Amino acid sequence: MSEKRRSRFGPAPKAGGARKQRTVRIPEGLDELVAAEAAELGVPVGDAVVAVLARGLGVAEPDYIRRNREQERLQGQLLDV
């Protein structure tokens with residue numbers, strides 16, 4: 001398979017483990033809290049939802065979230081120099 005995998009929705013994301021797609025509706029106030037958590041973690045809102053959900057269920061957050069957060073932190077350090 002080529003480096004860029006494609007689906008009917010466009011290029012597929014890089015592999016981060018087996019995942020399922022789910023659409024959920026959340027109250028506006030909760031959405032604002034999740035967006036603030038995402039900004040604090042330096043990750044996309046979807047990753048923040050997964051991180052909060054994992055914490056709430058008492059399981060480790062997925063490795064791809066930790067890697068993304070670390071990359072964002074390192075990029076921020078480079079910009080501060």
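**Exercise 1.** Does valine 24 count as buried or exposed, and at what relative accessibility?

*Solution.* The model is predicted, so local features need pLDDT of at least 70 and side-chain atom pairs count only at pLDDT 80 or more, while totals for chains, interfaces and linings use all residues. Residues are numbered from 1 along each chain as its sequence is written, and side-chain values use heavy atoms, with hydrogens and water left out.

Begin with the place of valine 24, which is the loop between strand 2 (10-11) and helix 1 (28-41); helices (H or I, at least four residues) and strands (E, at least two) are DSSP runs numbered from the N terminus. Then apply the cut-offs, where buried means under 20% relative accessible area, exposed over 50%, and partly exposed in between (1.4 Å probe, protein chains only). Valine 24 has 59% relative accessibility and therefore counts as exposed.

**Exercise 2.** Which residues of helix 1 are buried, and which are exposed on the other side?

*Solution.* The buried residues in helix 1 are Val34, Glu37, Ala38 and Leu41. Seen down the axis of helix 1, its buried residues fall within an arc of 100°, so they line one face of the helix; the arc is that of the directions from the helix axis to the C-beta atoms. On the other side of helix 1, Glu28, Glu32, Ala39 and Glu40 are exposed.

**Exercise 3.** Locate glutamate 61 and state which residues it touches.

*Solution.* Glutamate 61 sits in the loop between helix 2 (45-57) and helix 3 (63-80), and at 13% relative accessibility it counts as buried. Leaving out residues up to four places away in sequence, glutamate 61 touches Ala51, Ala54, Arg66 and Arg69, where contact means heavy atoms within 4.5 Å.
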